[in-house]
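Thanks for coming. Please look at the sequence and the model first.

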Amino acid sequence: MAVKNSHYLLLLDMTFKSIISKFIIFTVVLFSVFYIFNFVTDKKDALANINNKQIVEVFKTPSCGCCYGYVLFLEEEKFKVKQTDMRSLHTIKQKYNIPVEMQSCHTTIMGKYFIEGHVPFEAVEKLLKEQPDIDGIALPGMPIGTPGMPGDKDEPYVIYQLKDGKSSVFMTI
């Protein structure tokens with residue numbers, strides 16, 4: 001009888017270990033699926049923001065033709081553009097802490113970022129895709145050949161990233 005009981009105990013112990021092993025494997029798989037799903041949906045949401053385009057607001061002066069050219073450029077890229085004409089853009093530049101040396105003729109607000117000047121789409125796309133911890137990007141001045149500006153590109157465009165009024169190179173096109 002003692003042998004029979006020890007056989008049952010051994011069988012019960014093996015069944016218990018099997019159940020514990022299956023539970024551990026199930027738990028690991030469940031957490032893995034959750035982690036992967038979470039990672040994939042975050043990336044998918046970021047890409048959806050690029051593909052679905054968003055409403056953007058361009059602050060400009062009413063008489064600036066190149067600013068209107070940039071609005072048309074954004075609309076060609078399938079953004080919904082709200083134009084806000086102002087006599088002076090000083091308050092917008094000040095609000096977003098854009099230093100004088102980084103300023104251009106218009107400021108675009110796109111989600112949580114500002115885009116200062118005639119920034120090419122490659123830089124805008126990179127900004128929206130990577131979502132860096134910055135305030136915005138800027139292409140100072142009004143370089144020839146940029147979106148909204150006449151002429152052909154005659155030198156590389158250096159786009160800067162700004163955080164708290166301090167700038168560093170974001171990318172060169």
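What we have is an open sheet of seven strands with mixed pairing, in the order β2-β1-β3-β4-β5-β6-β7. The edges are β2 (80-85) and β7 (166-172); each has a single partner strand, so one side of each has no neighbour in the sheet. On average, neighbouring strands here are turned by 25° against each other, direction ignored.

Some ground rules. This is a predicted model, where local features need pLDDT of at least 70 and side-chain atom pairs count only at pLDDT 80 or more, while totals for chains, interfaces and linings use all residues. Residues are numbered from 1 along each chain as its sequence is written, and side-chain values use heavy atoms, with hydrogens and water left out. Strands (E, at least two residues) and helices (H or I, at least four) are DSSP runs numbered from the N terminus. Two strands pair if DSSP finds at least two bridges between them. Axes are lines fitted to C-alpha atoms, for helices over the stretch in contact, and angles run from 0 to 180 degrees between N-to-C directions. Contact means heavy atoms within 4.5 Å.

Now strand β3, residues 107-110. T107 and I109 point one way from β3, T108 and M110 the other, and all are buried, meaning under 20% relative accessible area with a 1.4 Å probe, protein chains only (exposed is over 50%, partly exposed in between). Strand β1, residues 55-60, runs antiparallel to β3 and is joined to it by three bridges; V58 has T108 as its bridge partner in β3. With strand β4, residues 113-116, β3 pairs in the antiparallel sense over four bridges, and M110 is partnered by Y113. β3 and β4 make a hairpin with two residues between them, and G111 in the turn has a positive phi of about 65°.

Next, the helices. Helix α2 (residues 65-76) lies across β1, β2, β3 and β4, at about 170° to β1. Helix α4 (residues 121-130) also packs on the sheet, touching β3, β4, β5 (136-138), β6 (158-163) and β7, and its direction makes about 110° with that of β7.

Leaving out residues up to four places away in sequence, I137 touches residues including F114, A123, L127, I159 and F170.
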